[in-house]
Amino acid sequence: ISEKLRQAALNTLMDWIKNRHILNLNRVYEVVKSLVEEILSDKEVSDNLTNLCSTDLYTFAHSVDVCILSVMAGKKLGFNKKKLYTLGMGSILHDVGKLDIPPEILNKPARLSPQEYEIIKKHPIYSYEKLRKREDENLNLYSLNIVLNHHERFDGSGYPRRLKKDEIYELDYLCAIADVFNAMTTDRVYRKALPVHEVYEMLEGSCDTLFPYDITKAFLSCISPFPPGTLVMLSSDEPALVIASSTLPFRPMVKLLRSSEDIDLTKELNITIKRQLTPEEALGFIPTIDRKRFYSLINVNL
């Protein structure tokens, strides 16, 4: 997704604040259409859609990224354009009710009290009530259901209505999975972002517990647990740089940092990725004489 288009989507949502909470749904719909068209164009899409944002911008940027991720997964499931527009509208508006949550609770840098968490759990209802009063041809019942149900879970453990299994629509589940993935892989005021591969594994383990199997698998097929540019430690105790994804998500193509040798982990089955490295950690494994080459490698791939 081009940064220009992503920024246009972000600006459209931020106008809600500037215009005293009067949202131009026609503008939102045009942005969603543009995002859908770009995703359907089959051009290469970034593996990492978790751009870091300031606290004040988080809700807006998160909404745009959840829309992009949801539509990508909807495309994998073969949705037609009209269905993708419906999915995109619900996903991009899913968190507008958070604007009615007191900022001191929404942005609290510590664990919420049970009372504060109950307030947070009301935001899907706030979003739904705010939007359902709007008579707009571009915001249908299915989009409104996404807004209301994106925190419901397959096993009935979600909120606000504790729906379960088939009581929740597939569009709702897609937004829910994208919401979880983006939230966990983005820095928050109360914790640092988790590595993509950890969240990927968590979602894999949630099949038919939190989310349906087929929808979860479709979503994960859009995500690389080790995107190109990720620094990793191999089981052979060699630091490496991921340079390309593969058909096996946890076995990408890597380049050894100390020798520049390329290794295809789909063929070298005796080698696995042990953990992710920070740039500082990786640098510690590189002799001083080779550090210029290291910087050129990560600059090309990051």
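**Exercise 1.** Which residues lie nearest the centre of the largest pocket, and which element gives the most to its lining?

*Solution.* Step 1: The lining of the largest pocket in this predicted model has 32 residues, and Tyr117, Ile120, His151, Tyr159 and Tyr190 lie nearest its centre. Step 2: Two or more lining residues come from each of α3, α5 (103-106), α6 (114-120) and α9 (170-184). Step 3: The most come from α9, with four residues. A pocket here is an open set of points on a 1 Å grid over the protein atoms alone, where a 1.4 Å probe fits, with protein on both sides within 12 Å along at least five of seven lines; lining residues have an atom within 4 Å of a point. Helices (H or I, at least four residues) and strands (E, at least two) are DSSP runs, numbered from the N terminus.

The model is predicted, with local features needing pLDDT of at least 70 and side-chain atom pairs pLDDT 80 or more, while totals for chains, interfaces and linings use all residues. Residues are numbered from 1 along each chain as its sequence is written, and side-chain values use heavy atoms, leaving out hydrogens and water.

**Exercise 2.** Is Tyr200 buried or exposed, and which residues does Tyr200 touch?

*Solution.* Step 1: Find Tyr200 in helix α10 (residues 196-205). Step 2: Tyr200 counts as buried because its relative accessibility is 5%; buried means under 20% relative accessible area, exposed over 50%, and partly exposed in between (1.4 Å probe, protein chains only). Step 3: Leaving aside residues up to four places away in sequence, Tyr200 touches Leu220, Ile223, Pro225, Pro249 and Phe250. A contact means heavy atoms within 4.5 Å.

**Exercise 3.** How many bridges join β1 to β2, and how many join β2 to β3?

*Solution.* Step 1: Strands β1 (residues 231-234) and β2 (residues 239-244) run antiparallel and are joined by three bridges; one partner pair is Val232 with Ala240 of β2. Strands pair if DSSP finds at least two bridges between them. Step 2: β1 and β2 make a hairpin with four residues between them, and Asp237 in the turn has a positive phi of about 65°. Step 3: Four bridges join β2 to the antiparallel strand β3 (residues 253-256), where Met253 is the bridge partner of Ala244.

**Exercise 4.** Where does pLDDT stay under 50?

*Solution.* Step 1: pLDDT is the predictor's confidence in each residue, from 0 to 100. Step 2: The chain has a mean pLDDT of 87, and 90% of its residues reach 70 or more. Step 3: The stretch under 50 is residues 46-56.
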